[in-house]
Amino acid sequence: MTIEKSKPVLLLGIDLEDVREHVSGGMNYRDRLETNTQVILQALEYWGVSATFFTVGSVARRYPSLLRDIALAGHEIAAHGDTHTQLAKMGPNQMETDLARNLDALSVSEFGPVKGFRAPTFSLTQDTQWAYKVLADAGIEYSSSVLPGLNPLYGWPGFGRRARTMPSGVLEIPVAVHSRPLPPLPIAGGVYLRVVPFFLTRWACRRGDREGPITAYLHPYDIDTEQERFMHPDLNNNRVMNALMYWNRGQALDRLARLVKDCTVSRYCDWVRNCGLGKK
Ligand SMILES: [Zn+2]
């Protein structure tokens with residue numbers, strides 16, 4: 001990774017999960033994960049950038065060749081929980097078991113150990129910060145699991161916007177959020193990338209990385225214009241939020257492409273190694 005001083009750093013994460021697993025009767029819907037992920041892989045290759053794939057264990061077990069395609073293309077494989085269960089629904093013991101299964105599923109041995117973690121639905125909050133010890137005990141070096149703002153589902157408003165090393169030794173890289181006068185919504189992630197007017201997203205990125213890197217994330221479904229309609233999980237059956245889950249999917253990759261042009265794109269592991277905050 002070559003850092004151009006004039007360009008902000010964009011940490012690019014793909015959250016690899018299959019929402020159908022968490023919907024009643026969901027596996028009766030068409031399997032779109034592999035197709036969409038291959039489209040994302042082609043886009044990354046075309047742009048000439050590498051990303052970090054935060055991968056759920058069940059997905060890794062179901063698509064072993066896809067996992068190898070991702071790793072062979074030079075992308076980083078990181079953990080995203082074995083069953084995509086929010087941390088508040090697990091205690092430390094259950095998370096320990098879940099994470100061990102997740103890491104086992106991701107162990108594509110020749111590509112080295114998994115260093116990174118993202119909590120499902122950014123569920124690492126003030127109340128679940130016990131998770132950092134579980135992560136450290138499992139050998140995880142960094143996490144990007146905190147939304148430093150309020151959200152109906154999650155958030156840790158007092159965390160601050162800068163990456164910092166937690167007492168367990170794990171580096172937390174919080175999600176980059178908008179500054180005032182906008183509410184602290186993620187700048188370039190999933191539904192926010194699709195729903196927030198793009199000039200605001202671009203403006204936020206062009207302001208530079210004064211408080212840390214821009215974090216962008218995408219799920220395979222974020223680009224899927226052909227997915228059947230169903231109520232997505234973790235939305236408390238909120239119909240408005242579910243409508244947003246389908247909003248503007250046809251624009252997601254195009255918007256991301258424009259951000260990629262404006263930024264220096266990095267895998268999380270490379271940025272952690274270069275920023276001097278990671279494990280010595
Ligand atoms: Zn997720």
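Which helix gives the largest share of the lining of the second largest cavity? Helix 4 (residues 92–105) does, with 3 residues.

## Basis of the model

This is a predicted model, in which local features need pLDDT of at least 70 and side-chain atom pairs count only at pLDDT 80 or more, while totals for chains, interfaces and linings use all residues. Residues are numbered from 1 along each chain as its sequence is written, and side-chain values use heavy atoms, with hydrogens and water left out.

## Cavities

The structure holds 2 cavities of 30 Å³ or more. On a 1 Å grid over the protein atoms alone, a cavity is a set of points where a 1.4 Å probe fits but cannot get out, and lining residues have an atom within 4 Å of a point. A volume is the space filled by probe spheres set on the points, which are joined across faces, edges and corners.

The largest cavity contains about 120 Å³ of space. Its lining comprises 15 residues, and Asp18, Val19, Arg32, Leu33 and Gln227 lie nearest its centre. By class, this lining has 6 nonpolar, 2 polar and 7 charged residues; Ala, Val, Leu, Ile, Met, Phe, Trp, Tyr, Cys and Pro count as nonpolar, Asp, Glu, Lys and Arg as charged, and the others, Gly among them, as polar. The second largest cavity has a volume of about 30 Å³. Residues lining the second largest cavity include Gly81, Thr85, Met95, Asp98 and Phe117, and its lining divides into 6 nonpolar, 2 polar and 1 charged.

## The largest pocket

The largest pocket has a volume of about 570 Å³. A pocket is an open set of grid points with protein on both sides within 12 Å along at least five of seven lines. Of the 31 residues that line the largest pocket, Leu153, Tyr154, Val191, Leu235 and Met245 lie nearest its centre. Helix 6 (190–195) and helix 8 are the elements that give two or more residues to this lining, and helix 6 provides the largest share, 4 residues. The lining of the largest pocket has 18 nonpolar, 8 polar and 5 charged residues.

## Packing of helix 1

Helices (H or I, at least four residues) and strands (E, at least two) are DSSP runs, numbered from the N terminus. The axes of helix 1 (residues 33–47) and helix 9 (residues 252–262) come within 11 Å and cross at roughly 25°. Helix 1 and helix 9 are therefore roughly parallel to each other, a term for angles under 35 degrees. Val39, Ala43 and Trp47 in helix 1 meet Leu253, Leu256, Ala257 and Val260 in helix 9, where contact means heavy atoms within 4.5 Å. This contact has 7 nonpolar, no polar and no charged residues.

The axes of helix 1 and helix 3 (residues 64–72) also come within 11 Å, and they cross at roughly 10°. Helix 1 and helix 3 are therefore roughly parallel to each other. Leu33, Glu34, Thr37, Gln38 and Leu41 of helix 1 make this contact with Ser65, Leu66, Asp69 and Ile70 of helix 3. By class, the residues divide into 4 nonpolar, 3 polar and 2 charged.

## Backbone features in loops

Most residues other than glycine have a negative phi, and most peptide bonds are trans. The peptide bond from Arg180 to Pro181 is cis, with omega near 10°; Pro181 lies in the loop between strand 7 (171–172) and strand 8 (188–189).

Asn237, a residue other than glycine, has a positive phi near 60°. Asn237 lies in the loop between strand 9 (214–218) and helix 8 (239–245).

Technical notes: Axes fitted to C-alpha atoms, helices over the stretch in contact; angles between N-to-C directions. Parallel < 35°, antiparallel > 145°, perpendicular 65-115°, else oblique.
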